[in-house]
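Here is a short briefing on one protein model. Look through the sequence and the structure first, then read on.

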Amino acid sequence: MGKIKAFALAVALCLPLSLWAQKKADKVPAKPLTAYNAGVPADQVTGDDRVLAFVKGASRRTLYKEGSVLKIKTTDRQKVQGYINRIGDTAVMINGIDYRYDRIAAYYVPFRICTIMGSALCIAGGGYMLLDGVNGAINRKQPVFHTEALAAGIPLMAAGGVVLAFKEVKRNTDKWRVKVMTW
């Protein structure tokens with residue numbers, strides 16, 4: 001009977017993780033369009049040497065090339081995320097749709113340290129509680145989860161969730177101007 005409980009506990013804990021992984025896999029954008037498969041007229045095909053730059057001052061800039069992932073917010077408050085298909089003089093093509101530079105209100109830059117640290121805190125807190133629960137189930141302790149493990153694991157997971165809320169930085173284009181450069 002103890003082995004059945006341990007197996008049921010393992011299945012109950014692994015099922016949400018597999019569903020979460022499947023949900024993450026479904027959010028991956030489709031293969032980036034190129035000038036050859038996007039149906040772009042031949043006179044609008046640009047080389048790979050063009051770079052979209054968001055510039056602030058003389059030395060601060062964020063660069064994007066064709067094929068890079070870009071997340072923007074338009075002036076009509078629509079958020080768009082996808083691969084850059086083409087960089088033109090007046091517009092950028094994201095997922096096959098042209099967005100004029102004067103219609104881009106903001107762009108988002110991933111803040112990787114918050115993503116890494118928040119994920120690590122969530123995994124640490126959840127892992128600690130999981131191991132304590134598995135240990136309690138195997139050793140047939142009552143209650144299975146100790147209050148000390150819950151008191152340590154829940155705040156770690158909550159802190160990770162708070163840090164994950166700051167995983168991107170929004171930069172307004174009134175301070176960061178859009179510029180097309182050659183590489």
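Buried means under 20% relative accessible area, exposed means over 50%, and partly exposed lies in between (1.4 Å probe, protein chains only). By that rule Lys71 is buried, with a relative accessible area of 19%. This is a predicted model: local features need pLDDT of at least 70, side-chain atom pairs count only at pLDDT 80 or more, and totals for chains, interfaces and linings use all residues. Residues are numbered from 1 along each chain as its sequence is written, and side-chain values use heavy atoms, with hydrogens and water left out.

**The sheet**

- Helices (H or I, at least four residues) and strands (E, at least two) are DSSP runs, numbered from the N terminus.
- Two strands pair if DSSP finds at least two bridges between them.
- Six strands form an open sheet, in the order β6-β5-β4-β3-β7-β8, with antiparallel pairing.
- β6 (97-100) and β8 (168-172) stand at the edges with a single partner strand each, so one side of each has no neighbour in the sheet.
- Neighbouring strands of this sheet are turned by 45 degrees against each other on average, direction ignored. Axes here are lines fitted to C-alpha atoms, for helices over the stretch in contact, and angles run from 0 to 180 degrees between N-to-C directions.
- At one end of the order, β7 (residues 104-110) and β8 pair in the antiparallel sense over five bridges. Val109 has Val169 in β8 as its bridge partner.

**Around strand β5**

- In a regular strand the side chains alternate between the two faces of the sheet.
- Strand β5 (residues 91-94) is covered on both faces. Ala91 and Met93 are buried on one side, and Val92 and Ile94 are buried on the other.
- Strand β4 (residues 79-87) is joined to β5 by three bridges, and the two run antiparallel. Arg86 has Met93 in β5 as its bridge partner.
- A hairpin of three residues leads from β4 to β5.
- β5 and β6 also run antiparallel, joined by four bridges. Here Val92 has Tyr99 in β6 as its bridge partner.
- The hairpin of β5 and β6 has two residues between the strands, and Asn95 takes a positive phi near 55 degrees in this hairpin.

**Aromatic pairs**

- Rings of Phe, Tyr and Trp (its six-membered ring) pair if their centres lie within 6.5 Å; planes under 30 degrees apart count as stacked, over 60 as edge-to-face and the rest as tilted.
- How many aromatic pairs does the structure hold? There are four.
- One of them joins Phe54 and Tyr64 edge-to-face, at 6.0 Å centre to centre with 85 degrees between the planes. Phe54 is in strand β1 (residues 50-56) and Tyr64 is in strand β2 (residues 60-65), so the pair ties together parts 10 residues apart in sequence.
- Phe54 counts as buried, at 0% relative accessibility. Tyr64 counts as buried too, at 8%.
- Tyr107 and Trp176 form another edge-to-face pair, at 6.4 Å centre to centre with 80 degrees between the planes. Tyr107 lies in β7 and Trp176 in the loop between β8 and β9 (177-182), so this pair ties together parts 69 residues apart in sequence.
- Tyr107 is buried at 0% relative accessible area, and Trp176 is buried at 6%.
- Phe54, Tyr64, Tyr107 and Trp176 form one aromatic cluster.

**Charged side chains**

- A salt bridge is a side-chain nitrogen of Lys or Arg within 4 Å of a carboxyl oxygen of Asp or Glu.
- The structure holds four salt bridges.
- In one of them, Lys71 meets Glu168 (3.0 Å, N to O). Lys71 lies in strand β3 (residues 69-74) and Glu168 in β8, so the pair ties together parts 97 residues apart in sequence. Glu168 counts as partly exposed, at 34% relative accessibility.
- Arg86 and Asp98 also meet in a salt bridge (3.0 Å, N to O). Arg86 lies in β4 and Asp98 in β6, so the pair ties together parts 12 residues apart in sequence. Arg86 counts as buried at 10% relative accessibility, whereas Asp98 is partly exposed, with a relative accessible area of 42%.
- Asp102 and Arg100 form a salt bridge as well (3.5 Å, N to O). Asp102 is exposed at 52%, and Arg100 is partly exposed at 45%.
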